[in-house]
Structures are given as structure tokens and as C-alpha cells.
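Here are some notes to read alongside the model, written with your next look at the coordinates in mind. I have grouped them by region.

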Amino acid sequence: MDHVQVELGDRSYPIYIGGDILGRVGELLKKNGITGRVMVFTNPTVGSMYLEDVLEGFHGEGYGVSSRVVPDGEEYKTLEYANTLYDSLMDNRIDRSSTIVALGGGVLGDLAGFVAATFKRGIPFVQVPTTLLAQVDASVGGKVAVDHPRGKNMIGSFYQPRCVIISLSVLDTLPEREMRAGLAEVIKYGVIKDASLFEYIETHLDSLLNLEANGLHTVVKRSCEIKASIVTKDERDEGQRALLNFGHTIGHAIETATNYSRYRHGEAVALGMICATDIGVRLNVTSVKTSERLSNLIERAHLPTRIRNVSADAVIEFLRHDKKVRDGKVRFVLPREIGQVMITDTVPDDVIRKTLKERSL
Ligand SMILES: NC(=O)c1ccc[n+]([C@@H]2O[C@H](COP(=O)([O-])OP(=O)(O)OC[C@H]3O[C@@H](n4cnc5c(N)ncnc54)[C@H](O)[C@@H]3O)[C@@H](O)[C@H]2O)c1
Ligand SMILES: [Zn+2]
């Protein structure tokens, strides 16, 4: 088992990464000084396959443990649903010395984390992410939230977990589309910070999609290291963390314009990365060679490179409402080359419009 440390002073925590370590979740909590009762939140998809392993581990370590299955889907990542989880916590005598464990993808992690952050002003929280996206992104960095009818992740907080436990073998059951969508975020880390990670994905793409263990370990660990180092420098998203938004400016607008139903988040991010790179080429920030390298990899990963049936005007309209807009200006992260990006808020509207039109089908 490997580990990556997220350095945040007295809120620092380890990310454990191993092949099949679900049965060791109890042991790892103990190692991190966690005592008291445990409440595991999971969903039916993940719980039916993995909850038993996790619970057995807790029993083996002598923990008092309860579990609650939350329906699968973003539509349950709401304040209304969180309210029912507070009931479960009280019914199960969970108090401030107890710990919430999130066993699932990013939806479950965000919801359980939000509940942990707010119940009795905050109780310890542990992430056991089970999608590639949650392993490399959502579970690391302490952003927790629920959605509001008027916006995704609108009600939330920064609340760091006590540890993150990544058992790579759970990816065996992840639908291929989810795997590819998670890979988009891994590609993103390569572009923003690490040319050798990008090159590694180029060389090992097929074995990664075939879930070859060493390759997965390498890219998940490297992604966590990159996210951890950025979060260490900018826990509350006031500077450096903006780099993580590469592909997310237009990506989010496309997700919103299509009502979050057509694209998986990672697919929209893939489109967003392609558009940001096109913009970079138009502004002479990115070379055509860099742009082709990125679009080739995205295509080979069977992620989308063309926007279907969304008008450029609709995307632009949503861009203006984005959280990343400051003083009416839309902020973009553009690649200078693979491994290095720049942030700008001076992309002319007509460049955005032309790029979107050219990328649309
Ligand atoms: N907090 C953050 O920093 C952050 C970052 C990125 C995304 N997010 C949030 O993450 C959410 C998306 O997360 P996601 O992509 O993991 O989606 P998800 O949690 O909806 O999981 C996708 C699907 O895969 C299933 N699944 C999970 N693990 C599985 C496994 N091992 N085997 C089989 N099926 C499995 C889930 O039940 C679900 O049906 C969004 O709500 C987004 O806002 C948060
Ligand atoms: Zn993302």
C-alpha cells in the first residue's frame, strides 16, 4: 500500500492507495486515531458489492458501526435528502466523537461530506471513493456540497476528510463510460502540471482502460499528488486552485446548457479542454502541435471532441453565469504547452464564439 500526504497543517491527512484495501478501512481508521462509532453512507450500486467487506473490517477492529444506503444519483445530492441523513445519524446515536465514512462515487462523497461538515458543527469524515473521478478528484481537497434548484454545488463548505482510502480493485466493476470520464480529469492533470504523466497516458492508454493494476496505481497516485500539492497551496480556492479549472469553464457551460443529462462531467471537461486549447491556438498561446496531441489523446480515449446540438449562444449565455466569472469577465485556463498552463480573463467574445461554432456538429 502506498500513500500521499495532503499537507494542511493541523488538518493534514493521508490518501492511502492500494490494490484491494476495502477490508482494511477499519484498520486504517484506527491507525489514524479514529475511535467512536462509525456511520457508513453508500448507495445501492456500490453497497451491494462492497459494503460487506468494509463492515467486516470495522467489526474486526471492534468498531460499533451502522450503515445507511442512499439512492444512487445526483438528484439526491440535495439539502432535503441531507436532512434525512441527519435523522439517520441521530437514530444511530452518532455524536461528535463518531465518524462518517463515504463509500461511493463523487455524488455520495459530496453529500456525505456535506452532512459530516454540518452535523453538530462538524464530525470526522473519511472518503472511500469508488469511481476513478472520485479517486483522482472529488475525494481529495475538501470541497463538499449539495445542489440547489438554482445551481449545482450551490450550498457547501470546505471540510477536509481525516483520510482518503483508495482501493483500486473497485474500478473492475465501474462502467466503462465512467472510467473514460474519470480519465479526462487525469489527462487534465497532465496538461496543467505534468508532461510525463501525459506521456504516460499516451503510451499506456489501452492498458489503463483494461484496468492494468500498475498503470492505474501510477496515474491515480500522480493525480492525487498533483491535486494535493495545489490544495496545499490554495485550500480555499483563492489562487492556484484555479488551474484545476482547465476544461471546466466551457465544460460547465456545456453541462448546464444540456441540463446535466447528456454528458458525464468528464466528457464535458474533455470538450472544455479541447475548446480551451482551440482558443489558445487562436490567441497564439498554444501551438498547433500541442493542440493536436491533446485532441488525439482525447479521441483515443473515446471522449467527445465535438459539441452536439448545443448552440454557441446557449453556451456563451451560461458562461456568463459561471462561478468563475469575476467582475463580468470569464476566466480561462489555456495550455502554453503540455504540462504548463496560463490563466486569462481577456479572451475576446468573438474568439469564444468562433471556437464553439467550429467545434459544434
Ligand atoms: N468535491 C469535489 O471536489 C468534486 C470534484 C469533482 C466532482 N465532484 C462531484 O462528483 C459528482 C460526480 O461523481 P462521479 O463521477 O463519481 O459520479 P457518481 O458518484 O454519480 O458515480 C457514477 C456512477 O457509478 C456508480 N459507481 C460508483 N462506484 C462504482 C463501482 N466501483 N462499480 C460500479 N459502479 C460504481 C455510482 O453508483 C453511479 O451510478 C458530481 O456531483 C460532482 O459535482 C466533486
Ligand atoms: Zn472536474
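1. A word on classes before the counts: Ala, Val, Leu, Ile, Met, Phe, Trp, Tyr, Cys and Pro are taken as nonpolar, Asp, Glu, Lys and Arg as charged, and the others, Gly among them, as polar. Please also keep in mind that this is a predicted model.

2. Which classes make up the shell around ligand 1? There are 11 polar residues in this shell, along with eight nonpolar and seven charged ones. The shell has 26 residues, and those that come nearest to the ligand are Gly-105, Gly-106, Thr-130, Thr-131 and Ala-138. As for secondary structure, at least two shell residues come from each of α2 (44-60), α4 (106-118) and α5 (132-138).

3. Next, the overall division. The protein splits into domain 1, covering 2-172, and domain 2, covering 176-359. Their C-alpha centres are 27 Å apart. Where they touch, domain 1 contributes 23 residues and domain 2 contributes 25 residues.

4. Which elements give two or more residues to the side of domain 1 that touches domain 2? They are β1 (2-6), β2 (13-18) and α5. Of these, α5 gives the most, with five residues. This side of domain 1 has 13 nonpolar residues, with five polar and five charged. You will recall α5 from the ligand, where this helix supplies at least two residues of the shell.

5. The sheet deserves a slow look. Seven strands make up an open sheet with mixed pairing, and their order is β1-β2-β9-β6-β5-β3-β4. At the edges are β1 and β4 (65-69), each of which pairs on one side only. On average, and ignoring direction, neighbouring strands of this sheet are turned by 20 degrees against each other.

6. An antiparallel pair is formed by β7 (residues 143-148) and β8 (residues 151-158), over five bridges. A hairpin through two residues joins β7 to β8. Here Val-144 has Ser-157 of β8 as its bridge partner.

7. Now two helix pairs. Two packed helices are described by the angle between their axes and the distance between the axes. For α6 (residues 176-193) and α10 (residues 265-282), the axes come within 7 Å and cross at roughly 35 degrees. This crossing of α6 and α10 is left-handed. On the α6 side, Ala-181, Gly-182, Ala-184, Glu-185, Lys-188 and Val-191 meet His-265, Gly-266, Glu-267, Val-269, Ala-270 and Met-273 of α10. The contact of α6 with α10 has six nonpolar, three polar and three charged residues.

8. What angle do you find for α7 (residues 195-209) and α8 (residues 213-233)? Their axes cross at roughly 145 degrees and come within 10 Å. The crossing of α7 and α8 is left-handed. From α7, the residues Leu-197, Tyr-200, Ile-201, His-204, Ser-207 and Leu-208 meet Gly-215, Leu-216, Thr-218, Val-219 and Arg-222 of α8. By class, the contact of α7 with α8 divides into six nonpolar, four polar and one charged residue.

Notes. Residues are numbered from 1 along each chain as its sequence is written. Chains are lettered from A and ligands numbered from 1 in the order in which they are written. This is a predicted model: local features need pLDDT of at least 70, side-chain atom pairs count only at pLDDT 80 or more; totals for chains, interfaces and linings use all residues. A residue is near a molecule or strand if its C-beta atom, placed from the backbone, lies within 6 Å of it. Helices (H or I, at least four residues) and strands (E, at least two) are DSSP runs, numbered from the N terminus. Axes are lines fitted to C-alpha atoms, for helices over the stretch in contact, and angles run from 0 to 180 degrees between N-to-C directions. A crossing is left-handed if the near helix is turned anticlockwise from the far one by less than a right angle, and right-handed if clockwise. Two residues are in contact if their C-beta atoms, placed from the backbone, lie within 7 Å. Domain bounds come from an automatic or database domain assignment. Two strands pair if DSSP finds at least two bridges between them.
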